[in-house]
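User: Got a model open here. Can you walk me through the ring contacts and the helix packing?

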Amino acid sequence: MVKVGGFLFSRESSSHQGDSQGKDNPTHYREPRFYTKAFKECSACDDFGNSFELSLLIFKCVGPHFYWLWKKTHSQDDRGFQQFLDNVQYKSRGIFRDEPFFGDGFVSTGGLETTKGFVSKLELKYGQKVLDVGCGIGGGNFYMSEDFGVKVVGIDLSINMISMPLIVADCTKKTYPHRTFDVIYSRDTVLHIQDKPALSKSFFKWLKPGGTVLITNYCKSSGPPSPEFEAYNEKRGYDLDDVEAYGQMLKDAGFDGDIAQDQTEQFIKVLQKEMDSVENEKDKFISDFYEEDYNDKVSGWKSKLVRTSMGEQRWGLFIVKKKI
């Protein structure tokens, strides 16, 4: 029995290694996210009604091996949103169904294509340190790391997202030393955060002087939303601002630069391209999943196209700098 404040270390292999462990090796290998989820869901209570859980401190990948370091802590009362993300917004099955739209390794608009376009604006240099907030399943992380030689720290609150050497963490509670990162990068994640001014101030503290923040985010038009759009946002756990309002929050946090750009036209083109691609591969999608999955996803994409075409849902791009 691990004491409160005690640690649990675990190592697992991700694949067979060498011919000697081939056919006769009875080991059942699983994705890292299976182990992360299993440990994260562990809980216990004592005779006084106190509850405890394991908190993930470190998750690393070294060759074919994955390492976890957990700490036993008192259960937090604020895990509801993480559970919402894992059980509603980002179910494991839903993530797999999204990849045919976004591309392998991505769960954000435009997949690799938009990632390349946005990353090109960062002027990354070898050895720089990048924080990816809401890293998803890691597509952007690996692209930046492999193509530019930067060191990427990826964090995401959803356990189901984390399948590689990324960190399960709440960006509103995670802390880093001042002036840690050269770049902070976040794709369609801040829409989940209610206290955006506080998060923007954290970004400002964590960023080195001369550093850059790039954020894309779902936004809304100015004025009150329609009842339908309000219901949609509530169901998805979104807290949306208009493009100008969020740009002002970044400015108020101390940032300079081309604060806010409305990229809704690009968003519409990307959505249409993603939907066309999946519709052209309808039979394959249904063979990989089910017809009801196909109908559900395509319907969702069409609804998103309607909202954006009507101007109610917007897509914002925010590129700001911290003065030297």
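User: How many aromatic pairs does the structure hold?

Analyst: This is a predicted model. The structure holds 14 aromatic pairs. Take Tyr-218 and Tyr-238: the ring centres are 5.8 Å apart and the planes stand at 85 degrees, so this pair is edge-to-face.

User: Which parts does the pair of Tyr-218 and Tyr-238 tie together?

Analyst: Tyr-218 is in strand 9, residues 207–220. Tyr-238 is in the loop between helix 7 (227–236) and helix 8 (243–252). The pair therefore ties together parts 20 residues apart in sequence.

User: Are Tyr-218 and Tyr-238 buried or exposed?

Analyst: Both Tyr-218 and Tyr-238 are buried. Tyr-218 has 7% relative accessibility; the cut-off for buried is under 20%.

User: And Tyr-218 with Phe-267: what are the distance and angle of the rings?

Analyst: The centres of Tyr-218 and Phe-267 are 5.5 Å apart, with the planes at 65 degrees. Over 60 degrees counts as edge-to-face, so that is what this pair is. Phe-267 sits in helix 9 (residues 264–280) and Tyr-218 in strand 9, so the pair links parts 49 residues apart in sequence. Phe-267 is buried too, at 0% relative accessible area.

User: Which residues form the aromatic cluster?

Analyst: Phe-118, Tyr-218, Phe-229, Tyr-232, Tyr-238, Phe-267 and Trp-315 form one cluster.

User: Switching to charges. Which rings have a charged end over them?

Analyst: Phe-52 has the charged end of Lys-72 over its ring, 5.2 Å from the centre. Phe-204 has that of Lys-322, 4.7 Å from the ring centre.

User: Now helices. At what angle do helix 4 and helix 9 pack?

Analyst: Helix 4 (residues 111–119) packs on helix 9 at about 150 degrees, and the axes are 11 Å apart. Angles over 145 degrees count as roughly antiparallel, so helix 4 and helix 9 are roughly antiparallel.

User: Which residues make that contact?

Analyst: Helix 4 puts in Gly-111, Glu-113, Thr-114 and Phe-118. Helix 9 brings Gln-266, Val-270, Lys-273 and Glu-274.

User: How do they divide into nonpolar, polar and charged?

Analyst: Two are nonpolar, three polar and three charged.

User: Last one, whole chain. How many helices and strands, and what share is buried?

Analyst: The protein chain has eleven helices and eleven strands. Buried residues are 48% of its 324 residues.

User: What percentage of contacts comes from residues 24 or more positions apart?

Analyst: Among contacts with a separation of 6 or more in the protein chain, 70% are between residues 24 or more positions apart.

Methods. Residues are numbered from 1 along each chain as its sequence is written. This is a predicted model: local features need pLDDT of at least 70, side-chain atom pairs count only at pLDDT 80 or more; totals for chains, interfaces and linings use all residues. Side-chain values use heavy atoms; hydrogens and water are left out. Rings of Phe, Tyr and Trp (its six-membered ring) pair if their centres lie within 6.5 Å; planes under 30 degrees apart count as stacked, over 60 as edge-to-face and the rest as tilted. Helices (H or I, at least four residues) and strands (E, at least two) are DSSP runs, numbered from the N terminus. Buried means under 20% relative accessible area, exposed over 50%, partly exposed in between (1.4 Å probe, protein chains only). A charge sits over a ring if NZ of Lys or CZ of Arg is within 6 Å of the ring centre and within 35 degrees of the ring normal. Axes are lines fitted to C-alpha atoms, for helices over the stretch in contact, and angles run from 0 to 180 degrees between N-to-C directions. Angles under 35 degrees count as roughly parallel, over 145 as roughly antiparallel, 65 to 115 as roughly perpendicular and the rest as oblique. Contact means heavy atoms within 4.5 Å. Ala, Val, Leu, Ile, Met, Phe, Trp, Tyr, Cys and Pro count as nonpolar, Asp, Glu, Lys and Arg as charged, and the others, Gly among them, as polar.
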